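Hi,

Here is the model I said I would pass on. Have a look at it first, and my notes follow below.

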Amino acid sequence: MAQQVEVSHFTAAFSDRVILNDVSFSIPAHQFTVIVGENGAGKTTLIKALIQTVLGAKTTGRGQSHHEQIRVNSQNLAYVPQFRDLGDDYPLSIASFVALGLKKGLRPWLTKTEKEAIQTALAQVDLADLAKQRLADASGGQKQRAYIAQALVQNPDLLILDEPTAALDANHALALVKRVRDLQQSRQIGVLWISHDTSWVKDFADDYLWLHDGQVDFGLAKDLPDHASSHHHQEVNHV
Ligand SMILES: Nc1ncnc2c1ncn2[C@@H]1O[C@H](COP(=O)(O)OP(=O)(O)OP(=O)(O)O)[C@@H](O)[C@H]1O
């Protein structure tokens, strides 16, 4: 299969500040790729450009961004943004929250297939027993998993997660990594996972993208350079 992501001489700048400077790299299909780099290195900027490319291709019917430096081979991209707590008065159950990921338009009911897809997505993140519980009453880790279930119910061929373990302790973070790794392999999809914690990368990812000094290095996860991990600090969202 072709590459899932191809970036060729892409530059991102805000005013005259260049964040990514003429970067080129490719990611093969069906890979679990971790994106690392210090705060401000351009990780979110990069994934936003990839997402815009896919959204742009849908409206123009072309598989390329308008500036033609980025190609993303994805019919169905799902994105889990950085964790935001929706608050104590959020009214929906976990199952209803996951159902928001379905593209059913204004139709108020769920088809049998959609109900099954919700059950499957909940089971895949081990939330089947909590389907009827209010999302507001779930723990931080359960909420993270509900966000991921909402992405999975879309049956993505490319899943992009922006620091999904930022609010989790080490054990729950590793459990989530393993779960997404299993799903990525069983569904044969691509995963792009932004992480400041690189402790698990060599064991569970296929490749890395390391953003530093305006450049992007791509390599096999087992070869992740030590200095790619050494200067990070984790930013936890306090809400
Ligand atoms: N809309 C914008 N306007 C101006 N500057 C921006 C904008 N968005 C991002 N930046 C700047 O671009 C740089 C890269 O930001 P980005 O969010 O991509 O970094 P990041 O690697 O995701 O960082 P973090 O690890 O802190 O989330 C930062 O210096 C940021 O301040």
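D162 has I194 as its bridge partner in strand 7. That pair belongs to strand 6 (residues 158–162) and strand 7, which run parallel and share 5 bridges. Two strands count as paired if DSSP finds at least two bridges between them.

Before going on, a word on where this comes from. The model is predicted, so to speak of a local feature I need pLDDT of at least 70, and side-chain atom pairs count only at pLDDT 80 or more, while totals for chains, interfaces and linings use all residues. Residue numbers start from 1 along each chain, as its sequence is written.

Back to strand 7 (residues 190–194). Strand 3 (residues 32–36) also runs parallel to strand 7, with 4 bridges between them, and V34 sits opposite W193 there. How many of the residues of strand 7 are buried? The count is 5 of the 5, so strand 7 is largely enclosed by the rest of the structure. Both of its faces are covered, with G190, L192 and I194 buried on one side and V191 and W193 on the other. (Buried means 20 or more other C-beta atoms within 10 Å of the residue's own, exposed means 12 or fewer, and partly exposed is in between; the C-beta atoms are placed from the backbone.)

Follow the chain out of strand 3 and you get to G37, in the loop between strand 3 and helix 1 (43–60). G37 has 24 C-beta neighbours inside 10 Å, which is why it counts as buried. Leaving out residues up to four places away in sequence, G37 touches G42, K43, W210, L211 and H212. A contact here means that the C-beta atoms of two residues, placed from the backbone, lie within 7 Å. G37 and E68 are 31 residues apart in sequence, and their C-alpha atoms are 25 Å apart in space.

There is also an open sheet of 3 strands, in the order 2-1-4 and with antiparallel pairing. Strand 2 (17–28) and strand 4 (70–72) are at the edges with a single partner strand each, so one side of each has no neighbour in the sheet. On average, neighbouring strands of this sheet are turned by 20° against each other, direction ignored; the axes are lines fitted to C-alpha atoms (for helices over the stretch in contact), with angles from 0 to 180 degrees between N-to-C directions. Strand 1 (residues 3–14) is joined to strand 4 by 3 bridges, and E6 is opposite R71 in strand 4. Between strand 1 and strand 2 there are 8 bridges, one of them pairing V5 with I27. Strand 1 and strand 2 make a hairpin with 2 residues between them, and S15 in the turn has a positive phi of about 50°.

Now the whole chain. It has 6 helices and 9 strands. Its radius of gyration (taken over C-alpha atoms) is 18 Å, close to the 18 Å from the globule rule for 239 residues, so the chain is as compact as a globular protein of that length. That rule is 2.2 Å times the number of residues to the power 0.38. Of the 239 residues, 37% are buried. Among contacts with a separation of 6 or more, 70% are between residues 24 or more positions apart.

The chain splits into domain 1 (1–76 + 157–230) and domain 2 (92–155), with bounds from an automatic or database domain assignment. Their C-alpha centres are 25 Å apart, and 10 residues of domain 1 are in contact with 10 residues of domain 2. On the domain 1 side, helix 5 (residues 170–187) gives the largest share, 5 residues.

Setting aside neighbours within four places in sequence, the contacts of V98 are I118, A121, L122, A146, A149, Q150 and V153.

Cheers
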